[in-house]
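Please examine the model shown below.

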Amino acid sequence: MKKISLTGIKPTGILHIGNYFGAIRPALELAGEYEARYFIADYHALNTVKDPKELSSLIRQVAAGWLAAGLDPEKTIFYRQSSIPETFELSTQLMAFTSKGLMNRAHAYKAAVQANTGRGEDPDTGINMGLFTYPVLMAADIILFDSDVVPVGKDQAQHVEMAQDIAQAVNFNYKQEVLKVPQAVVQDDVAVVPGLDGRKMSKSYGNTIPLFAPEKELRKLIMRIVTNSQGVEEPKDPETSQIYLLYRLFALPEEQEALAARYRAGGMGWGEAKEELFRVVNRELSPMRERFRGIMEEPGELDRILARGAEKARPIAARTVSRFRKAAGID
Ligand code: ADP
Ligand code: TRP
């Protein structure tokens, strides 16, 4: 029997190429080897996205994005967190086994408190209970589906460890394996994709290249990549140029070598390097963009795919919740 891989995607922004290379592609690769359960963590997004139109649109765009990137809903259970009410029952069950001290130590919460005190404000300013209990909801997402592995970025590894602690506390108390204890698979070998300004590409820096940007916009964004003041004739170092670092993600090995040689030889300006980058990025992204557009144009079909995913997911979820109820004496 295949082991289970599960991950959640928070719909808090439109997908960019950092998300694609850092999260989407590695997770889709795991979907061959594992039985994959991938979901849209819409209640996690609610902690920060309070505009209903925006949240609704992001949920659709992120779901469509995963499908356009190659997620096969026949082979993967693909659903919305909010369609699985068992998540919220398990979350309540797990609360009783989660110490408040554990939540105090969560990085995201601690960072928010630190930012507040740094500004001389009350430590609780702007922090809702959803942010404080975020790791419990995430533990419920994971444990509900008997996950063996959870592919996440480094920043999320602590949350998966908390899910382990919580599952173990339950099993220890009832002296039986009520819940499966998950493992994090930290993707630390994936490159950090640089943004337009050279910092890590991130929606919080406003330096992203959206994965499905129309061709014209894509071109404009690439032309905006910040470069140094080296002139056309000067030889250039490919390894320190973010144009080249991005190029490497999209170009064939022989194309990479050819462009690196042109960098070193001199005689090529930044504008030309950007044109070459645009060519390979657009070559790779245009089929995905077309699929994305097609999916977004058929909202009914997207809803059906997600509903079918929820249908497959709920019986699994119900079994976990009832295992807990039995063990706990609430049956
Ligand atoms: P953002 O930084 O834009 O807010 P998220 O934190 O929502 O992105 O990231 C979602 C996923 O995409 C995470 O698994 C994260 O590791 C990955 N990711 C985001 N930006 C990058 C990047 N620049 N390079 C590699 N992976 C990234
Ligand atoms: N917290 C994750 C993030 O910010 C998203 C997420 C929610 C998740 N539930 C999950 C990831 C369960 C893995 C497993 O990226």
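**Helix crossing and salt bridges**

Helices H4 and H8 cross in a right-handed sense, where right-handed means that the near helix is turned clockwise from the far one by less than a right angle, and left-handed that it is turned anticlockwise. The model is predicted: local features need pLDDT of at least 70 and side-chain atom pairs count only at pLDDT 80 or more, whereas totals for chains, interfaces and linings use all residues. Residues are numbered from 1 along each chain as its sequence is written, and side-chain values use heavy atoms, with hydrogens and water left out.

Helix H4 spans residues 86–95 and helix H8 residues 134–144; their axes come within 8 Å and cross at roughly 115°. Axes are lines fitted to C-alpha atoms, for helices over the stretch in contact, and angles between N-to-C directions run from 0 to 180 degrees. Helices (H or I, at least four residues) and strands (E, at least two) are DSSP runs numbered from the N terminus. On the H4 side the contact (heavy atoms within 4.5 Å) includes Phe-88, Leu-90 and Leu-94, and on the H8 side Val-136, Leu-137 and Ile-143 are among the residues met. By class, this contact of H4 with H8 has ten nonpolar, two polar and two charged residues. Nonpolar covers Ala, Val, Leu, Ile, Met, Phe, Trp, Tyr, Cys and Pro, charged covers Asp, Glu, Lys and Arg, and the others, Gly among them, are polar.

Side chains of opposite charge can pair when their charged atoms come close. A search of the whole structure finds 20 salt bridges, each a side-chain nitrogen of Lys or Arg within 4 Å of a carboxyl oxygen of Asp or Glu. One of them joins Asp-146 to Arg-323, with the closest N and O atoms 3.1 Å apart. Because Asp-146 lies in the loop between H8 and strand S4 (149–152) and Arg-323 in helix H14, the pair ties together parts that are 177 residues apart in sequence. Asp-146 is buried, at 18% relative accessible area, while Arg-323 is partly exposed at 32%. Buried means under 20%, exposed over 50% and partly exposed in between, with a 1.4 Å probe and protein chains only.

Arg-308 is partly exposed, at 36%, and Glu-74 is exposed, at 59%.

Technical notes: Chains are lettered from A and ligands numbered from 1 in the order in which they are written.
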